[in-house]
Amino acid sequence: MAILEVENLKTHYYIGDKPVYAVDDVSFTIDRNETLGLAGESGCGKTTTAYSILRILPANGKIVEGSVKLDGEDLVTKSMEEMRKIRWKKASIVFQYAMNAFNPVLRIGRQIVEVIQEKEGGSEQAAALTVAGLFEEVGLEPSRIDDYPHEFSGGMLQRAIIAQALSCDPRLIIADEPVTALDVIVQNKILDLLRKLQAKYNLAVLFITHDLSVVAENCTQVGIMYAGNLMELGSATSVFKESLHPYTYKLIGAFPSVTGPKRRLEFIPGTPPNLMKPPPGCTFHPRCPYAQDICSKELPKFEEISNGHYARCHFAGQLEFGGEE
Ligand SMILES: Nc1ncnc2c1ncn2[C@@H]1O[C@H](COP(=O)(O)OP(=O)(O)O)[C@@H](O)[C@H]1O
Ligand SMILES: [Mg+2]
């Protein structure tokens with residue numbers, strides 16, 4: 001059984017009584033020792049997926065359908081009290097902006113000690129020792145435990161939140177754009193650290209990013225999102241080398257090589273749809289060079305096209321990419 005099983009997840013926000021279809025039918029699994037990279041342009045529903053799993057959605061966000069099973073237990077039906085016990089202990093999150101993750105007026109070490117004591121009990125001294133060990137593990141001087149958040153650089157804060165994410169020995173870590181706010185050299189160091197810890201603790205990792213080159217280097221599995229839908233899912237090799245969805249193919253085209261220069265994501269004419277009013281049929285059809293009549297009428301099913309390789313496209317497996325360039 002996979003550690004995380006997300007099935008037909010639909011999460012909508014409400015503006016007045018009007019829904020924003022932020023996550024619309026997303027399914028994937030993550031095993032122990034596996035890193036799933038969830039990629040797609042800004043606004044496609046990645047963070048909403050993450051917040052749905054941990055049930056930390058803003059007040060106007062609601063899971064309207066689907067299940068999120070962690071070790072076989074459905075989190076969608078849990079009470080907030082039960083979720084508080086699960087967060088950090090069984091599943092934790094590394095936020096994009098670590099600065100916002102810590103209380104600015106409390107010492108960082110103190111905040112992690114509190115998480116450990118709340119979840120695991122035990123004495124303050126024991127928790128402080130654990131934090132010292134975690135600091136060392138993530139490459140922070142244990143003597144910095146008494147520092148305040150503002151005394152840390154961006155990279156150090158990211159290391160501290162990784163220490164906090166690990167503090168109660170979770171099975172699943174969700175990293176939501178963990179390096180986007182950092183400069184490239186620091187990015188690489190943090191990514192190395194995440195890879196090392198993932199392997200050491202056999203973690204299941206949901207790695208969220210808008211940057212496909214980061215996915216290529218860090219993930220065993222890849223999911224590609226567009227306008228609230230998961231469009232393609234499979235092993236990194238199959239998604240990168242044998243893309244099934246036109247959107248995936250176009251997105252990869254925006255990253256000519258994983259080590260080469262990144263181009264801006266202005267690669268497909270048009271813009272992603274307003275999620276309050278997604279187009280009928282396939283949400284990508286207005287921008288898809290391969291669209292046929294059916295694409296504007298019927299939402300394609302998310303189907304397994306070859307072993308473990310899924311796509312949401314009426315013509316998945318039938319298209320020859322590259323011909324229209
Ligand atoms: N609190 C909110 N209320 C209404 N719409 C929201 C809210 N938060 C996010 N959205 C919308 O939901 C969609 C998905 O957002 P998000 O999950 O943050 O995307 P991503 O992380 O991929 O950039 C976007 O269209 C965004 O504008
Ligand atoms: Mg986001």
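**Figure 1. The two domains of the chain.** The C-alpha centres of domain 1 and domain 2 lie 28 Å apart, the domain bounds being taken from an automatic or database domain assignment. Domain 1 covers 4-90 + 170-311, and domain 2 covers 99-169. The structure is a predicted model, in which local features need pLDDT of at least 70 and side-chain atom pairs count only at pLDDT 80 or more, while totals for chains, interfaces and linings use all residues. Residues are numbered from 1 along each chain as its sequence is written, and chains are lettered from A and ligands numbered from 1 in the order in which they are written.

**Figure 2. The contact between the domains.** In this view, 13 residues of domain 1 are in contact with 14 residues of domain 2; two residues are in contact if their C-beta atoms, placed from the backbone, lie within 7 Å. On the side of domain 1 that touches domain 2, helix α7 (residues 184-200) gives the most, with six residues. Helices (H or I, at least four residues) and strands (E, at least two) are DSSP runs, numbered from the N terminus. By class, this side of domain 1 has 11 nonpolar, no polar and two charged residues. Here Ala, Val, Leu, Ile, Met, Phe, Trp, Tyr, Cys and Pro count as nonpolar, Asp, Glu, Lys and Arg as charged, and the others, Gly among them, as polar.

**Figure 3. The largest nonpolar core.** This core has 90 residues, and those with the most contacts inside it are A163, L172, I174, L206 and I224. Helix α6 (residues 154-166) gives the most to the core, with eight residues. Both domain 1 and domain 2 give residues to this core, so it lies between them. A nonpolar core is a set of buried Ala, Val, Leu, Ile, Met, Phe, Trp, Tyr and Cys residues joined through C-beta atoms within 7 Å. A residue is buried if 20 or more other C-beta atoms, placed from the backbone, lie within 10 Å of its own. Apart from its neighbours within four places in sequence, A163 is in contact with I112, L134, F135, V138 and L140.

**Figure 4. The surroundings of ligand 1.** Ligand 1 is surrounded by 16 residues, of which the closest are Y13, A22, K46, T47 and T48; a residue is near a molecule if its C-beta atom, placed from the backbone, lies within 6 Å of it. Two or more residues of this shell come from each of β1 (4-15), β2 (18-30) and α1 (46-54). The largest share, three residues, comes from α1. The shell divides into seven nonpolar, eight polar and one charged residue.

Conventions. A residue is buried if 20 or more other C-beta atoms lie within 10 Å of its own, exposed if 12 or fewer, and partly exposed in between; C-beta atoms are placed from the backbone.
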